[in-house]
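Biologist: I would like to learn how to read a structure like this one. Please take me through a few features in turn.

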Amino acid sequence: MLHAKIKKYCRFIISVAFFVITICVAPVEGGDTLKKVSFIPQWVPQAQFAGYYIGLEKGIYRKYGIDLTIITGGQDSPPSDLLMDGGADFASLWLSTGIQMRAGGAKIFNIAQIMQRSALMLVAKKASGIEKPSDMNGKKVGLWGPVFQLQPRAFFRKYNLTMQIIPQSFSVNLFLRDGVDVASAMWYNEYHTIMNCGINPDELTTFFFHEHGLNFPEDGIYVLEETYRKDPALCGAFVLASIEGWQYAFDHPDEALAVTMRNLKKEHIPTTLVHQKWMLERMKDLILPENGEDTDMGGLQIEDYSRVARGLRGMELIDSVPSFTSFYKVIRDKDEK
Amino acid sequence: MKNRGLAFKLILLILSSVTLIFLLIFGYSYMYSRKIIIKNIEKNAMNLARATVNQIDVVLSSVEKVPENMACVLDQSLCTGEELNNLLKHIVQNNKEIYGSAVAFEPWIYDGEKERYAPYFYKSSGKIRYSNLGTASYKYFFQDWYQIPKELNRPVWTEPYFDEGGGNIIMSTYSVPFYRTVEGKKGITGIITADVSLSWLQEIVASIKIAKTGYGFLISQNGTFVTHPQKKFVMNETIFSQAEARGDEELRRIGREMIRGKSGFVPFRSLLTGKLCWMVYAPLSSSKLSLGVLFPQDELMADVVRLNKIVIILGVLGFIFLFVVIVFIARSITRPLSALAGATEDIATGNLDVSIPEIRTRDEVGQLAHSFDYMKQSLKQYIADLTETTAAKERIESELQIAHDIQMGILPKIFPPFPEMPEFDLYATIEPAREVGGDLFDFFFLDDDHLCFNVGDVSGKGVPASLFMAVTKTLIKTRATKDMAPEVILNQVNQDLSTDNPSLLFVTLFLGIFNIKDGTIEYCNGGHNPPYIIRASGEIEAVETTDGLALGVMEDFSFQSKRVVLNKGDAIFIYSDGVTEAMNSRHELFSEERLEGELKRLKGLQVGDILAGVTEKIREFSQDEPQTDDITMMIIRYNRNE
């Protein structure tokens, strides 16, 4: 009996303490002034987006005055559509997609280029005799949809290769069964899947586009012009919070992976921890520029921009190249820090 | 070790040897029995794997026949419409393993107006249903089941997949391409599929239970777990992702062997319990799946381990038993031995009355004790004898000493003997070789002017010689009277000595009668070394011989006398053969030459000093060599009373 009483008493004390803490903390975070914002990543909540999810989990967005909702991405939710019809305030898009949209008249801004390096690559089995680009000539190559074909096609042109192009599905089985000689892969995803199907890295030849002068960096944060003009401070806060989220994820990979695994489980998406771990590690390689200083994190380099834009025009996917300043809004200046 | 007792050494050596032997036998039998068991397990495992694989393959290959036959039909003629649908429906209806079947056509082939056409019949809640897979959203051209056989130009089992519509069952599709020759050119027309539920296969594999925790599992061509007791692995993890998660290179290597369609028997750590197992793996010939069955080592080895435990316990008990036995034996040996050692120690201190401990055994220790007792008795007897002998010897020695004293007592001892007579100086010494010597010398006045002097040497040494010498000396003294010539004295003494001489002793003797008024010496030499005359001028000359025999040899021998004259300062030097025959360590004799040289060197000195000088020279010559004969010297120097 006495024991139960003490327990009850303790519970009461704890409740009171919680209440007091909530009252004290709430005004500091500005509960009333939090702005409701939504964000759509291109795909399911895998480690490719760990920075955003951990930022949400750790209250980093709240710290920046943002009450964030992350809309679960996937096949059925193209972020470009959601961004344009107002279903999401911020969207993660590929740089090439962003430029195509802008050139096509969509009023959007790039406010952060999260990935600095292209993760798209081609892989081939050494057993098929492919060691260098010229070995590919005449072989079957698996390519994904249009946005994923920019770099491969530029690559084939650069090395003067005539390829048999086979549409590639989301699985790598066609490649694994030798249905194609060369397959498209994202470094952080399919490449690791191939390894986890029992093929050793030394049995593969890899062609990273960024190593062949075709660095088309991918994920960036986009916002409608309208949203930006209405509240540039909010956009700035979102970018800074996202960058802080990414930094936190890199500094605390175990926490970031735990959040990722939990989110994937909630969405019933089968995955393995080792795969997400690989993905997070590769994200670090792709997001943190080579000089290793975090000051450039999230910045869009004009060279990268013009390389991608020229590539698009070269393939006649856009008529004209929008000006850099009309496309990219600097949120985080180097001098700021 | 060296200082330890016998018992300790016995225990240590025997027990360590026994332990070594035991461990060798135990180790060998363990290794051997283990080897046999592993061999048996491998055999059984292989059989089990083969049986399971066959069981599965029988079903799957019968399934393969269905679309293959259908492809043959379609190769011949392109069925259309109802005909095709009935065929498909028939297939699904009549093959209980086939869940669904489709014929998917290449673009624009079936109908020039339709890009996609793929009639599909499948089972759903006991009924056969129809659906066209050729919809805009389901791009079947890019599905693995379509694309892979098309690109590879051969029938293919797809990677197992979860069927989203059919309620979470794992399916695999067998896809067979079919062809049509148009205008002499053979081209692919489409793909025929048969969807097979793998749940029955899961059941077969799940029913494999080895000991407590052994299990079976299947992996696909990609290494994906198709069945595994760990549910979350199924259709999610690959054997390679597990290898990566565990940092287990060996697991990855085995996984690669498995997906390459190899079979084998390898050590493997259970992904479920972490226990060390043996795993047999074998490929399914039809679906490119690979079966693995785990045999937990510890569980299968439980009997051997139990046997080994019992053997070890028996070994330890035997060890203890052996220990006790050895202690007992060692004690039975060492107890009497240490008692003996104690007794011997007592004996060593001289106590021969100590009793040797009684040992009843008749073994070596008993014999030793008996020998000890016998040795003690003998020792005691010997010591008693020795004591007696020593006492006797001591008595004789003391008697000899007395005899020596007596012998020395009968020789003149006071020098100069006639200090009131300035006419001559006389000096004599004797150094006996043993306590009782055989040399003699003497001098006495026959009347006022005549001094009788003699030096002799009895053959042999010791008491008999000294007694003979005493007799000789006494005889000379009693026989020599006034006006008697030396030859007469010697004749008489010789007769006396020879008359009753059972010991056959003899004596060489030089006897002279010295007239102190005119310096003439009448002498007779009975076989003695000829004395020297040391002239005042320093010349040394030997006294002429009288050709006499030693006394006591021939009773009626007749001696002759001769005469020599000493002038003022001349001296006569008489000596025994102990002087010239003194030997050094190189067995050289002192010799007449050395003696003569010495006498020449010492000529001017006092008579006592001359003898002392010669004695010293002899000692110097013979060093530490023991003296073998008596050394006797006498010197008389004539001063002539003016």
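**Reading the contacts, the sheet and the helices**

Modeller: This is a predicted model. Start where the chains meet: 19 residues of chain A are in contact with 22 residues of chain B.

Biologist: Which elements give two or more residues to the side of chain A that touches chain B?

Modeller: They are β7 (164-167), α7 (173-176) and α12 (273-287) of chain A. Sorted by class, that side of chain A has 10 nonpolar, 8 polar and 1 charged residues.

Biologist: How do strands of a sheet pair?

Modeller: They pair through backbone hydrogen bonds, in either a parallel or an antiparallel way. In chain B, an open sheet of 5 strands runs in the order β15-β16-β17-β18-β21, with antiparallel pairing. Its edge strands, β15 (439-445) and β21 (562-565) of chain B, each pair on one side only. From one strand to the next, the twist averages 20 degrees.

Biologist: Over how many bridges do β17 and β18 of chain B pair?

Modeller: Strands β17 (507-515) and β18 (520-526) of chain B pair over 6 bridges. For Leu511(B), the bridge partner in β18(B) is Cys524(B). Helix α11 (486-499) of chain B lies across these two strands, at about 150 degrees to β17(B).

Biologist: At what angle do the axes of α1 and α8 of chain B cross?

Modeller: The axes of α1 (6-76) and α8 (302-348) of chain B come within 10 Å and cross at roughly 165 degrees. Angles over 145 degrees count as roughly antiparallel, so α1(B) is roughly antiparallel to α8(B). Their contact comprises 20 nonpolar, 5 polar and 2 charged residues.

Biologist: Is the crossing of α1(B) and α8(B) left-handed or right-handed?

Modeller: The crossing of α1(B) and α8(B) is right-handed.

Conventions
Residues are numbered from 1 along each chain as its sequence is written. Chains are lettered from A and ligands numbered from 1 in the order in which they are written. This is a predicted model: local features need pLDDT of at least 70, side-chain atom pairs count only at pLDDT 80 or more; totals for chains, interfaces and linings use all residues. Two residues are in contact if their C-beta atoms, placed from the backbone, lie within 7 Å. Helices (H or I, at least four residues) and strands (E, at least two) are DSSP runs, numbered from the N terminus. Ala, Val, Leu, Ile, Met, Phe, Trp, Tyr, Cys and Pro count as nonpolar, Asp, Glu, Lys and Arg as charged, and the others, Gly among them, as polar. Two strands pair if DSSP finds at least two bridges between them. Axes are lines fitted to C-alpha atoms, for helices over the stretch in contact, and angles run from 0 to 180 degrees between N-to-C directions. Angles under 35 degrees count as roughly parallel, over 145 as roughly antiparallel, 65 to 115 as roughly perpendicular and the rest as oblique. A crossing is left-handed if the near helix is turned anticlockwise from the far one by less than a right angle, and right-handed if clockwise.
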